[in-house]
Every structure is written in C-alpha cells, then in structure tokens.
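Hi,

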Amino acid sequence: MSIELKNEYGQIDISNDVIAQIAGGAAIECYGIVGMATKHQIRDGLTDILRKENFAKGVIVRQEDADLVIDMYVIISYGTKISEVAYQVQSKVKYTITKTLGMSVQAVNIFVQGVRVTNP
C-alpha cells in the first residue's frame, strides 16, 4: 500500500514502508527510546529490538482522508517517565513527517512494548 500525492508536475507514490522508516528513525533519536519492537512482540514472546532496516515492522501507517495515522511500538529505557518520552516521540515524528513529506499527521499512537535497563 502507498500514499499518493498529486501536484502540477505529476503523481508521487510513497510506500508505507518509507514513511515507517522515516518515523522509526525520528523516534529512535528521542531520549528514553531503547528501540523499536514488533506489533505482536508480547504475543510472540520475542524480546528482540528491531534493527534500523526493520523499523517498518514496528510502525504501522494508515491514511485517513488526507491525513496520516501512525502507530508505533517502542521499548523505553528504564527510569524514564513514560508519558514524557511518548510525548517527545509524538512531537518529533509528527514534525519530521510534516517537514520531510509535506503531509499532515492526524495522530501518532505510541504503544510501549517493554522497558529495558540500558548500559550507561
């Protein structure tokens, strides 16, 4: 599935995987994020953190009307305030998608899949 943009020069198709990579890259830069997780990490019993090339598995992109809705599955660092980290991720992802693609983001939903102790 892809997002279609039309302008006076023609049509642009942007894959959902590309949007997911951009969103995942923006999220991983935020303080308190250890990594991205898969949607079904708890059900599958997997505890792996997704690598950079697999961010699309931890991000779901939907288009509702002309806006994007992004669901992100993250692992947060132990000892950080979860609500504050989630807010920072929402702000960063929304800003990055808007500036990079020129598309408006209706919502960025954060699903915390785990908490990890990180090495200092």
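Below is what turned up on salt bridges.

Before the details, two caveats. This is a predicted model, where local features need pLDDT of at least 70, side-chain atom pairs count only at pLDDT 80 or more, and totals for chains, interfaces and linings use all residues. Residues are numbered from 1 along each chain as its sequence is written, and side-chain values use heavy atoms, with hydrogens and water left out.

Searching the whole structure gives three salt bridges (a side-chain nitrogen of Lys or Arg within 4 Å of a carboxyl oxygen of Asp or Glu).

One of them pairs K92 with E29, at 3.1 Å from N to O. K92 sits in helix 3 (residues 82–101) and E29 in the loop between helix 1 (16–28) and strand 3 (33–36), so this contact ties together parts that are 63 residues apart in sequence. (Helices, H or I with at least four residues, and strands, E with at least two, are DSSP runs numbered from the N terminus.) E29 is exposed, at 57% relative accessible area, while K92 is partly exposed at 30%. Buried here means under 20%, exposed over 50%, and partly exposed in between, using a 1.4 Å probe and protein chains only.

Then there is a network: salt bridges link R62, E64 and D71. R62 reaches D71 with the closest N and O atoms 2.5 Å apart, and E64 with those atoms 3.9 Å apart. D71 is buried, at 8% relative accessibility, whereas R62 is partly exposed at 33% and E64 is partly exposed at 33%.

Cheers
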